[in-house]
Amino acid sequence: MYSIGEFSKKTGITIRTLRYYGEKGLLIPARISEGGQRYYNDANIITVQKIVTFKYLDYSLEEIKELIKKDDSLLQSLEHQKLQLLKKKKQLEQMLATIDTAIHIHQENTAVDPTTLLLIIHSLLTEEAQKDYLRQYIPEPLIERIYSYLDMNFIEINRRYIESLFEIKQAFLHPPEDTELKQLIEQLFYIIPPELTKSLAQEFEKYENVDFDNWLFTIPLSSEEENWLLDQATRLNILEGVIT
């Protein structure tokens, strides 16, 4: 038998954590004295090894508790956990690629501001959720065409997007002549090919009400900047050319 202090040294698990595992029903001491002292045996060591292993495999404590109770479900659970870990691996790889791209864009473009860069990263990380949202309104082939184009021209599109947003923000503060302003707005609106933009607009026009998700499709402009941009695009007959 081991006292809780001895057991803590032997397993490398803190006394506080051992007590917590006991409270959660994961690790029941071999014996508890009349004075409340906890004692553990070699079977408890095996249980701790299981807990540590399952935690390493990213199981929750509740899941670990069930797995310890039902050894016969281990293989099925491991297969499920493998799928979850592969999914997490893909998410981590996507996040690393996104950060690398953000760093590259920042190095190539001195005009980028932190808010715009972070919103682009957010957009990249929510790409699958964006596709799920769009499926409510747009056929799958069009969604794939749009995102395939974005993927193929990823760095260049984001570089142009950041530059255009910076210039639009400057134009909002210090409006240029109409000829120059029209050129700036067209540069922003035509980052995505007009045929894709028009196809997108035609699909949305089929619905009387579209619940636009500002969380998934955030535009790094203030409401004042955005309203001004739309007003100028309408006044200069740009908006009609983009969507019709």
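Start by selecting K131, which counts as buried at 9% relative accessibility. The model on screen is a predicted one.

**Stop 1**

K131 and E128 are 3 residues apart in helix 7, so about one helical turn separates them. Which of the two is buried and which is partly exposed? K131 is the buried one, while E128 is partly exposed, with a relative accessible area of 46%.

E127, E128 and K131 are linked in a network of salt bridges. Side chains of opposite charge can pair when their charged atoms come close.

**Stop 2: two further salt bridges**

How many salt bridges are there in the model? The count comes to 7. Two others can be shown here.

Select R135 and D132. Their side chains form a salt bridge in which N and O are 2.5 Å apart. R135 is partly exposed, at 34% relative accessible area.

Next, select D178 and R235. The closest N and O atoms of this salt bridge are 2.9 Å apart. D178 belongs to helix 10 and R235 to helix 12, so the pair ties together parts that are 57 residues apart in sequence. D178 is partly exposed, with a relative accessible area of 36%. R235 is also partly exposed, and its value is 43%.

**Stop 3: the second largest pocket**

Which helix gives the largest share of the lining of the second largest pocket? Helix 5 does, with 7 residues. By class, the lining has 5 nonpolar, 5 polar and 5 charged residues.

**Stop 4: the largest pocket**

Select I192, L200, F212, F217 and I219. Among the 41 residues that line the largest pocket, these lie nearest its centre. The volume of the largest pocket is about 1800 Å³. Several helices give two or more residues to its lining:

- helix 6 (114–125), helix 7 (127–134) and helix 8 (140–152)
- helix 9 (154–173), helix 10 (178–189) and helix 11 (194–204)
- helix 12 (223–235) and helix 13 (239–243)

Colour the lining of the largest pocket by residue class. It has 31 nonpolar, 7 polar and 3 charged residues. Rolling a probe the size of a water molecule over the atoms shows where empty space is left.

**Stop 5: the nonpolar cores**

Select I168, I185, L188, F189 and L229. In the largest nonpolar core, which has 16 residues, these touch the most other members. Helix 9, helix 10 and helix 12 each give at least two residues to this core. The most come from helix 10, which gives 5.

Centre the view on I185 to look at its contacts. Leaving out residues up to four places away in sequence, I185 touches I168, L229, Q232, A233, L236 and I238.

There is also a second, separate core of 15 residues. To find it, select F7, L18, Y40 and Y59, which are among its members.

**Stop 6: two residues with positive phi**

The last stop concerns backbone angles in two loops. Select D58, in the loop between helix 3 (42–56) and helix 4 (61–69). Phi of D58 is near 75°, a positive value in a residue other than glycine. D58 counts as partly exposed, at 40% relative accessibility.

Then move to N237, in the loop between helix 12 and helix 13. N237 is not a glycine either, yet its phi is positive, at about 60°. Is N237 buried or exposed? At 57% relative accessibility, N237 counts as exposed, because the limit for that class is over 50%.

Key. Residues numbered from 1 in each chain as written. Predicted model: local features only at pLDDT ≥ 70, side-chain atom pairs only at ≥ 80, totals over all residues. Heavy atoms only, no water. 1 Å grid on protein atoms, 1.4 Å probe; cavity = no way out; pocket = protein on both sides within 12 Å on 5 of 7 lines; lining within 4 Å. Points joined across faces, edges and corners; volume = space filled by probe spheres on them. Helix = DSSP H or I, 4+ residues; strand = E, 2+ residues; numbered from the N terminus. Nonpolar A, V, L, I, M, F, W, Y, C, P; charged D, E, K, R; others polar. Salt bridge = Lys/Arg side-chain N within 4 Å of Asp/Glu carboxyl O. Buried < 20%, exposed > 50% of the residue type's maximum accessible area, 1.4 Å probe, protein only. Core = buried A, V, L, I, M, F, W, Y, C linked by side-chain atoms within 4.5 Å. Contact = heavy atoms within 4.5 Å.
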